[in-house]
Amino acid sequence: MTPHAQLDWQDGQPVSLAFGDVYFSRASGLDETRHVFLRHNRLVERFAELPSGGHFTIAETGFGTGLNFLCAWECFLQYAPVDTRLHFISAEKFPLTPRDLTQALALWPQLAGLAQQLLAQYQALPPGWHRLLLNQGRVTLTLLIGDVLEVLPEVDARVDAWFLDGFAPSKNPDMWQAELFQAMARLSAPGATFATFTSAGFVRRGLSEAGFAVSKTAGFGHKREMSHGHLQTLPAGEWSPPWFARPARRHGERSAIVIGGGIAGAASAYSLACRGWQVTVVERLPELARGASGNPQGVLYTKLSPHFTPLTRLILSGYGYSLRTLKTQLPEDDANWRGCGVLQLAYDAAEAERQQGLASAGFGADFLRPVDASEASELAGVELQHGGLFFPEGGWVNPPALVRKLVDHPNIQVRTSRTIVELDYNPLDKSWVAIGDEGSVAIGSVVILAGAAETGSFDATQHLPLKKIRGQVTVARATEHSEALRTVLCGEGYISPARFGEHCLGATFKFNTEDLGVNLFEHQENLQMLAGLAPSLYQALGGEGLLDKALAGRAALRCTSPDYLPIVGPVAHAQSLIDAYLPLSKDASLKLSASAPWIDGLYVNTAHGSRGMITAPLSGEILAALLEDEPAPVARSLMQATHPSRFLIRDLMRNKVSQQG
């Protein structure tokens, strides 16, 4: 697991204790960055030459103090056309703590405005991928926390310029390897450039062997020489599963129809609207966020596996992204959200064992820390019988408030009380028409189905294995004693601190029913959960007498998939996909090359289950990256793990489907 960087501050400048090296030139880190990375990647000229609506991607091997990023960002704002976008991807094995980063960036007051934007979103960074949207989404920073040789092969992007940074080869030999240079070549766009402060012979030879033309030139300050160059020879293309490939970028009108007005639909619309798309959100109910996104309080927490499963990795990335979205979009108050912290209580032996695995996994205390029953009680403000894990950045959110804020964008139109019964595609102008009972509702070049289980009600998506799970929450009036609760408590269920004098607790899981009526039996189930989780709080609310009170609540249907991962991405024609890849049913190891039969312009964002507040906003960024041909916000393996085609491909490989479907 990746710890934070350990620093020694010498004359006000940070020095890595692990590598015994400085983060930047003692003479002038700012001038060094501009000389080495900006000038020798010709960023001023290349930014100025970007076409309208274009984007530029920089990748860096070592985020460090973020100085290189801030300089590139400043240069981009100064020289690039106003309707272009910058993507900056940076790997970092030992991220600085927010406190250390603040101290380091204070050395450059001329960058203070940009640094403040970065610091406002720079929070706990557990291992994995973390996407930050800056400058109202015009600048995207994707931080890859981990060993560069492990994270770089998972990048899904075409890189225009490389900042080959990191500590000196003599101090950090593990990074400067042939695998790094080969990964750079694989990810490079035609004509990609690189620059680095070092002129070490084995580095230049490694880059040359990977296909880069390498030149030496005068270095900065006391460094006599540095290296720079460009990709001269494209590497031989490696095979990747065509059923997970990106559909070709569409170059028509940038308009989208989003069907579904919950958090998945709102996030999809917002990510596209920030990129200049015109989006129409269509919701079948009279208001947005009336389905599973309609609970008064949703919990922002991460139930993780110590084994770093795909779901855990997705949750880690989504958790941070959702928190950053809230901090930049909504005021923190009793109406919208509270970062009050979350306590996951070790309510039985199995949960205690899982938590012990997580506690020993090396997460920083700013992300999670184990607490005993005494400390848990102090944090929560109520007496608790169990300790657990405390997530200081977690909390609760009012989902409807977030949904309304995300669609409050000049590029988004909302149409409610419209049920879409048919989707009609015109191949001549490559447009979709969403048709309701009374005719056309919306027209767009792309359709995103984000209506939970209703996503499967169309011919093109009926093969998706969507499951409905009923959930009921209970809303109880706060009492003088229950008002003391300061954090969210989680176990088999959850209870939140009071919002406008009411606690929200639950939620039940019921299969094989679509009844949305609130019933007393499930209120009783939620209260029994609370009685086991926090007996003192249960008694503070009224104990057994609660069922005699007028309890409020609501029920909704969550939508999940068989592997409990969301379904996000482009939709293929099911039978054509089976026909194209039928040989997999006899040999799952075949490296087939036939292109996937995509349904032009049809995408889905669904099956988020009870984790929609964590996974749906980031999934909007996944769709936007696919539609705009931008760097993906998550690892390639996660893009595949959440892909809509994964179920048919798995069934083919297990010989569970035939050519007749």
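Trainee: Where does D165 lie?
Mentor: D165 lies in the loop between β8 and α7. Keep in mind that this is a predicted model.

Trainee: Is D165 buried or exposed?
Mentor: Buried. Its relative accessible area is 12%, and buried means under 20%.

Trainee: Which residues is D165 in contact with, leaving aside its neighbours within four places in sequence?
Mentor: F37, E60, T61, G62, N68, M175, W176 and F197.

Trainee: Let me pick T61 from those. What stands opposite T61?
Mentor: A91, in β5. The strands here are β4, residues 55–61, and β5, residues 85–92. They pair in the parallel sense, over seven bridges.

Trainee: What's the strand order in that sheet?
Mentor: β6-β7-β5-β4-β8-β9-β11-β10. That makes an open sheet of eight strands, with mixed pairing.

Trainee: And which are the edge strands?
Mentor: β6 (128–134) and β10 (212–218). Each pairs on one side only. Neighbouring strands of this sheet are turned by 15° against each other on average, direction ignored.

Trainee: Back to α7. Which strands does α7 touch?
Mentor: Helix α7, residues 178–187, packs on this sheet. It touches β4, β8, β9, β10 and β11. The direction of α7 makes about 140° with that of β9.

Trainee: New topic. What about the open sheet of six strands: what order does it have?
Mentor: The order is β20-β13-β12-β24-β31-β30, with mixed pairing.

Trainee: Why is one side of β20 left without a neighbour in the sheet?
Mentor: Because β20 (412–415) stands at the edge, with a single partner strand. β30 stands at an edge too, also with a single partner. The twist in this sheet averages 20° from one strand to the next.

Trainee: How do β12 and β13 pair?
Mentor: In the parallel sense, over five bridges. I257 stands opposite T280 in β13.

Trainee: Which strands does helix α9 lie across?
Mentor: β12, β13, β20, β24 and β31. Helix α9 covers residues 263–273 and runs at about 170° to β13.

Trainee: Last one, on the surface. Which residues form the nonpolar patch with about 310 Å² of accessible area?
Mentor: F509, F511 and Y564, and that area is for them together. Y564 is found in the loop between β29 (552–560) and β30 (567–572).

Trainee: Why does Y564 count as partly exposed?
Mentor: Because its relative accessibility is 40%. Buried is under 20% and exposed is over 50%, so partly exposed is the range in between.

How values were computed:
Residues numbered from 1 in each chain as written. Predicted model: local features only at pLDDT ≥ 70, side-chain atom pairs only at ≥ 80, totals over all residues. Heavy atoms only, no water. Patch = residues over 30% accessible without salt bridge, like charges linked within 9 Å, V, L, I, M, F, W, Y side chains within 5 Å. Areas by Shrake-Rupley, 256 points an atom, 1.4 Å probe, with all protein chains shown as cover. Salt bridge = Lys/Arg side-chain N within 4 Å of Asp/Glu carboxyl O. Helix = DSSP H or I, 4+ residues; strand = E, 2+ residues; numbered from the N terminus. Buried < 20%, exposed > 50% of the residue type's maximum accessible area, 1.4 Å probe, protein only. Pairing = 2+ DSSP bridges. Axes fitted to C-alpha atoms, helices over the stretch in contact; angles between N-to-C directions. Contact = heavy atoms within 4.5 Å.
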